[in-house]
Structures are given as C-alpha cells and as structure tokens.
Amino acid sequence: MNVLLRNFAICLFALLPALCWAEQREFNLTIDEVTIEVAPGFTNKVFAFNGQVPAPLIHVVEGDDVTVHVTNNTTLNHSIHWHGINQIDSWHMDGVPGVSQQSDIKPGESFTYKFKADRPGSLWYHCHVNVWEHVATRGMWGPLIVDPKNPSELDKSVTKDAILMMSTWESAYANSYGKGGMPADVADYFSVNGKSFPFTQPVRVKKGDVLRMRFYGAGDETHQMHMHGHDMLVVAKDGYPLASPYYVDTVPVGPGERYDVIVKMNNPGYFVMHDHVDKHMTNSGAMMGGPMTVFEYTDVKMDDWYAWKDKVYDPNFFYSESLKQGYGLFNSAPFMGKPVEQGRRRK
Ligand code: CU
Ligand code: CU
Ligand code: CU
C-alpha cells in the first residue's frame, strides 16, 4: 500500500508541471522608420518592426504564454493584431484600437501584449491602425509560427522550411508617410519577403528534401504562386490542417490568407516559381520583376548561362535558418532597412 501511495505521489509530481506549466516567452519589438530597397532603384519608406521588413519571426509552441513589449519610435500611431490567435480570455490583447484596446500606441509610447498561443499553425502579426497604408504599403507584418504540441507524421517528415510573404507597394507614395493604400491608388511593385526580382533569392534544396512552404497574403492583392516541375500538397489553410490535403501546381494567396504546402523535392534541376498574375511579374510596368524564385538542387551542376549564377546566396531569405533555431524571436540582418533621417521624414 505504501509503495502504491508513494508511486501515486511521484506520478502526480511528475505530471503536474507538464499539465499546468506553460512556457513563458517574452519579446521586445520596436517600430522604426526606415527605408528598404525593394527592387533595383526603388526604395520605400516603411514602419519596420525591429527595423526590418518582413518583421522578425516569432516562433513558439501551442500553449505558450507570450508577452510582447512594443515601443513606437515612429511619427504615426500603430497597434499589433495577432492574426489567428483567438485571444481566449484575453480579448483586450486583440490589437484593435477603440474596440479591444483603449487607444493606438502613439509616437514615443509603449504597450505590452500578453496572450496564450491558443492555436497552432502559420499565423502572423500586423498593425491594425490605418491598415490601408501600414499593412498594404509600409511593411508592418511578420510571421508568427505556432508549432503544434503534437506534430503529425507529415510535420515530422519536413527537412526544409520556408516562409513566403507576398505583398504590394505603391511607388507614388513610397516616400510620403501618411498616404497611400486607397482604392484609386495603384500598386506597381510586388514582392516576396519585401523584395522583387532580381532582388529575390533562390531556395536551395537537395534531392530527397521534404520542403514545407508557408505562403502568406500580406499585401492587398491575390497572388497565384505557380511552382514548376513539382506537385504541391496543400496541407493547411490559415493554419488549420486540412482533413483532405490536395495537390496543386498553383496556390491562390489572397489578402490575409495562409496556405501551407509540402513538396517532395524529387525532380533534380533548376525550376522557377512565380506569381501567375502577369502584372505582378513587373517592376513598375517593366519586365521582369515581382515575386519570383528558383529552386536550385545543389546536387545539379549550375549552367554557365544561368541568370543567377553569380548571385550571393542568403540561406535565411525565406527564414529557413531562423526556423531551425528552436523557439524565440529572430531578427534577420538582411531584412534591416536604413534609418530615415530626422526632419526629412515627411518629405
Ligand atoms: Cu501602423
Ligand atoms: Cu489580419
Ligand atoms: Cu511559369
């Protein structure tokens, strides 16, 4: 009997922390005015989380308690909406000024968001003040990846992860904070992770890799992402795993949407992926530009005439390296902008 009781007590002590203890994750974000170079000769003034576009990766596990301290160093008001978090018992953290949050975060002010990562998947975060401008044309968005507590066999088979956030830019207002994003305004640059071809990057793989791509519609237009030479298995929509995954060669990614696809990299060669909306493959009307990438199998010899033969490779352009580093908030130096000079920011 004593032994039974003792075993029961040991069991209880071992289980309780696992049942009751949620991991605490605490992060800092600033919002800064910087300039990024989206395409050759085209720079855009942005409101950048931690000075970068896209914003830093936030990577946590389902059930974690997340605290984010946000400081607004810019000249306009902002907030953060945690898109996909249901804010169960924490609706005051939903980031909508006047509804769930008393006011915008004003220039020079700070605000602390606290919430539980209450659902897994490819979530994201973005400003919820003047989204027409701040989200559609000023880069106020970034990935929030919540890993499931119990990953599926498919999840476990992934050997390479990539995040692709599609967005739009309006060159007419690139240098005018406070303007842009209205229905009559014209988007004329289109990007993946804040860059238009030729400033985009390849995805390097080897035969046998299982690639997961998480597509995000971070801008204001639908992108039809078409991958050559491979079958893409759509496994999740807006972070929700699909009961019946299905194959496509073109993924439609509309504003706010996310699609997770899994691709078996079993066709060695060099294959492109591009937006099938033709105008998106231009930079201000000039061919060719936009959200374009190439899957480069490292085991296949590069041709001498390959367009990106001499390109300097950034292995973290699709967050692949950051995603390998476990949990936390990950800044990325190549996404950093240049500070906007004081006194000239309104021009
Ligand atoms: Cu904002
Ligand atoms: Cu949203
Ligand atoms: Cu094509």
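Guide: What follows goes through the copper sites one by one, then turns to the surroundings and the confidence.

This is a predicted model, in which local features need pLDDT of at least 70 and side-chain atom pairs count only at pLDDT 80 or more, while totals for chains, interfaces and linings use all residues. Residues are numbered from 1 along each chain as its sequence is written, chains are lettered from A and ligands numbered from 1 in the order in which they are written, and side-chain values use heavy atoms, with hydrogens and water left out.

Donors are N, O and S atoms within 2.8 Å of the metal (3.2 Å for Na, K and Ca); water is not among the atoms, so sites may look incomplete. For burial, the cut-offs on relative accessible area are under 20% for buried and over 50% for exposed, with partly exposed in between (1.4 Å probe, protein chains only). Cys127 is buried at 0%, and His134 is buried at 2%.

The copper ion (ligand 2) has His83 (ND1) and His126 (NE2) as its protein donors, 2.0 to 2.1 Å away. His83 belongs to strand S5 (residues 81-83) and His126 to strand S7 (residues 121-126), so the pair ties together parts that are 43 residues apart in sequence. Strands here are DSSP runs (E, at least two residues), as helices are (H or I, at least four residues), numbered from the N terminus. His83 is partly exposed, with a relative accessible area of 21%, whereas His126 is buried at 8%.

Asp118 sits in the loop between strand S6 (110-116) and S7. Asp118 is partly exposed, at 22% relative accessible area. Beyond its neighbours within four places in sequence, Asp118 has contacts (heavy atoms within 4.5 Å) with Ile85, Asn86, Gln87 and Ile88.

For the copper ion (ligand 3), the coordinating atoms are His228 (NE2) and His274 (NE2), at 2.0 to 2.1 Å. His228 lies in the loop between S13 and strand S14 (232-237) and His274 in strand S18, so the pair ties together parts that are 46 residues apart in sequence. His228 is partly exposed at 30% relative accessibility, while His274 is buried at 16%.

The strands around this site can be followed further. Two strands pair if DSSP finds at least two bridges between them. Strand S13 (residues 223-227) and strand S18 (residues 270-275) run antiparallel and are joined by three bridges, with Met227 partnered by Met273 in S18. S18 is also joined to strand S21 (residues 292-297), again antiparallel, by five bridges. There, Tyr270 stands opposite Glu296 in S21.

As for confidence, pLDDT is the predictor's confidence in each residue, from 0 to 100. The protein chain averages 94, and 93% of the residues score at least 70. Over residues 343-347, pLDDT stays under 50, and the model has 13 contacts beyond four places in sequence for them. Where pLDDT is low, the predicted coordinates should not be read in detail.
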